Amino acid sequence: MNFQKIGLIIRREYVTRVMKKSFILLTLLTPVLFLLFIVIASLIFAYEGDEKKIIAVVDESEMLNKAIPDAKNIYFKFPQESLEQLKSEVKEGKYDGVLVLPPIQVSNKEYVPQYFSDKRLPLTLDETVKDVVRSKVRDFKLKAMGITAEEMDRLDTRIQIKPQSITDKGENTSAYSNIIGAALGYIMTILMFMITIVYGSFVMRGVFEEKVNRINELIISSVKPMELMLGKIIGIGGVGLTQFGIWAILMPIVVMIGQLLVPGAAQNPPQMNPEMMNQISEFDFGMVINEISNQNWLLILPALIFYFIGGYLLYASLFAAIGSALGDDMNEGQSLTLPVMLPVILSFYIAMSILRSPDSSLAFWTSLIPFFSPIVMPARLAFNPPVWQIGLSLVLLFLGVLASIWVAARIYRVGILMYGKKANFKELWKWISYRG
Amino acid sequence: MNILELQGVSKSFGDFRAVNTVDLQIPKGIIFGLLGPNGAGKTTMIRMITGITGPDEGRILIDGTPIHADHIRDIGYMPEERGLYKKMKVGDQLIYLARLKGMPRKEAKDRIRNWMERFQISDWWEKKIEELSKGMQQKVQFIATVLHDPKLLILDEPFSGLDPINTNLIKDEIHRMNASGTSVIFSTHRMEQVEEICEQITLVNKGKLILTGTMTGLKDQFKKNIFKIVFDGSMPSVVPAKYEILDEQRDWVKVKLQPEQDSNALLAQFMQAGCQIRLFQEVLPTLNEIFIEQVGEANRQSA
C-alpha cells in the first residue's frame, strides 16, 4: 500500500466534492430549510383557530350551577328559553349550538349530553367541551359521595421506580435513565442509518461514474485498485464528516433563531391534553441534564466513533463493490444494491425495537453481528451494556470490516475493468476467486 | 538489452486461458506491434505488463528487472477504454494523474505547460474536460499518457476514434519520442496502421504468439515469389506458356514464379520482346494477408 497515493486520491475525492456548488448549497440550505420548517410548524401549532363558538347550555342535571368557565374560544351561556326556542335561535345564528345535559346519578358509568346544531363541533372544541363536562361530572360525583377534594388528592400517589444496581459500579441511575437512553439511542441510530445509506450510495455512485467515464484503467496503471477504493471511501467519508460537522454547528444556532422568531412555540405546542402536560411538567429539566452528563461518555464517545467508522467502512466498501459491478446503466443495479440495503434497513428496525428492551437476547446477538452491530449497538450504548459486549462487538466489527474490504476489493479490481452489462451474483463470486 | 521480456507468462480467468505460456523479448528503443484479433489476449498481456493484473505463471521483466511498484513511472499506458474525469479542469486533472505516477507537483506543472504549448492548447488549463470537443479531449489524454516521460510507451488501439489531424499529430509524437529513446508497444487489430509504424511485430491469437519477427523479415518469410510488371506493348507469348499468370490487365501482369524460376529471366523475356518496362516489382504480402493465413492455419490446427 502506498499511503502517499491514497492520500492524493482522498484529497481529490474530498476536494472535488466539497467544492461542488450542489454540496455547498445542500449543506447550507438544509439548516435553513430546517429553520423554515420549525417556524412554519410552530406557527401552525400556535394557530388556535378563529372559530368562536357560543353554546347555549340546558342543564337538566342541575349540577352546573349555571356556571361553566368559558374555555378557549368557547363561550357558555345559560339562557332561560326552552330547548325548542333555543334551537330556532341557533338557526337564526344567535348561538352556534345547544348543549343539553341530562340528569345524572352517581352510579352512571356513561353520560351522554346532546349537542344540537347543524354544524358539528370541530374536533378540538369537542375535546374542550368534553373536558369541561368531565370535570364537572367528577366534582358532582365526589360531592354526592361525600368525598372532599383534599381526600381525593390524597388518593393520588406518584409512583417512580428507582433503579438501583446491585453490583457496586457506582452507577448513578435515575428514573430518567430509560427515557434519556432511548432518546440518545434513537439519535445515534438515525445518524448511523443516514451515514451508511447516504454516503454509502455516494461511494457507489462515485465508483460507477469512474467506470462509465472509462478512467479506471488509466488510474489503475498508477495505483492499486485497493488503494483507489480505500482512497475513495475515506475521501467521501471525510465529506460526510464535514457535512455533519457543519450541521452540528448550524443546527443549534438554527434552533435558537427559531425560538427567537416564535417564542416558546417550539418546545411548548398547545392543544396537548392535560395528562401530557402533566407529564411534561413533572419532567425535571435539571434531572435530564444531570442524566445526560452522568452517561459514561468516556466509554460511549469512543465506542460511537468506532461504530461510525466501522459501520461506514463496512457498508461503503460493499457499496463500492456493487458500484464496480454495475453496467453502463445505473438503474439496472436495483437487484445488486438490495442485498446491501437490506441489512441496513433491517438493523434500523431491530435498533428501534431494541430501544424498548435493550438487554434482550435479540439485542445481544444482533449487536455482535458486524452487519447489524454498527446500527444496533449505538442504540444500546446509553443503557450501559456490559463492557465486554462492547469490546467483543467492536472486535467482531473490526474483523467484519477487514473481511468486507477484502471481498469488496476483489470484486472491485475485476469489476472496474469490465464494461457493458452489469454482473450477476454468480459472476461476482467468480471474480472473488480470481487470482492476483 | 530488452526493455520488456515475458517468460512463460500465463493468465486464466476461471476456465478461460486468456494468455497461454507466452515468451517475448522486445528490444529497447524500437516500435513494436502487438497484433491480433479482438479477444486474442492483447489487452490481458498489456494489463500484466502495466501491473494492473499479475500473471498466474511466468515472469515479466522490465528493463531487466521483474516488475514492481517503481516501474509505474517507467510506463506510459493509453488504454483502449479511455476517459478522464469530466468535471475536472484540464490542468488539475493532469497534475493529479502525474502525481499518481509519483511526480512532484512543481515538475508536473512545468511539464504540463510544455506539452500544452507543444499542442497549442495552453489556454485550456482552466477548462473542464466536459467543455472540450472529442478531439481536444484526445490531446489531453495523450498528454496524460506521456507526461512523466516513460521509458516504455504502451498504446492500446491509440488511433481508434481519432480524427485524421490528431492521428498524424500523435504519430509524429510517437516517432519523435521513439527517436529520443522511448520504446513503444503498439497494440491493434488494424494491420494497415502497423505496417508504416512498427519495426517488429508479434501476432497473437487465442492467447498464444503465433509469429514474431521484424517487418521485413516476416514479409520475406511469407513472400510467394509474385512479381508485377507494368509495361507498354504487347505481352510476349512465351510468358503465359512458361509462367503462372495470377492476374493481368492491358498494361500490367502479375506472375507467380516457381522456385526454380528466376525473376531476372522473367524480366528479360519482356525486354527481348521489345516491351517498354515501366515498373518491375516483387509483390510482398501485406500483414493482413500474413495474419489471415496464419490465424486460419492456427485455427485449422486446433480444430
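Which strands of chain B does H1(B) lie across? In this predicted model, H1(B) sits across E3, E6, E7, E8, E9 and E10 of chain B, and runs at about 150° to E7(B). Those strands make up an open sheet of 6 strands with mixed pairing, in the order E6-E7-E8-E3-E9-E10. E6 (75–78) and E10 (208–214) of chain B are the edge strands, each pairing on one side only. Ignoring direction, neighbouring strands here are turned by 15° against each other on average.

Now for the contact with chain A. Chain B puts in 28 residues and chain A puts in 22, and about 2,600 Å² is buried between them, 57% of it from carbon and sulfur atoms. Three residues, Glu81(B), Tyr85(B) and Leu100(B), supply 26% of what chain B buries against chain A, more than any other three.

On the polar side, the two chains share 8 residue pairs in polar contact and 2 salt bridges. One salt bridge brings together the side chains of Arg47(B) and Glu217(A), at 3.0 Å from N to O. E1 (2–13), H1 (42–49) and H2 (90–100) of chain B each give at least two residues to the side touching chain A, with the largest share, 5 residues, coming from H2(B). By class, that side of chain B has 11 nonpolar, 8 polar and 9 charged residues.

Notes: Residues numbered from 1 in each chain as written. Chains lettered and ligands numbered in written order. Predicted model: local features only at pLDDT ≥ 70, side-chain atom pairs only at ≥ 80, totals over all residues. Heavy atoms only, no water. Contact = heavy atoms within 4.5 Å. Buried area = accessible area lost by both parts, 1.4 Å probe. Salt bridge = Lys/Arg side-chain N within 4 Å of Asp/Glu carboxyl O. Polar contact = N/O pair within 3.5 Å; in protein donor to acceptor, adjacent residues only side chain to side chain. Helix = DSSP H or I, 4+ residues; strand = E, 2+ residues; numbered from the N terminus. Nonpolar A, V, L, I, M, F, W, Y, C, P; charged D, E, K, R; others polar. Pairing = 2+ DSSP bridges. Axes fitted to C-alpha atoms, helices over the stretch in contact; angles between N-to-C directions.
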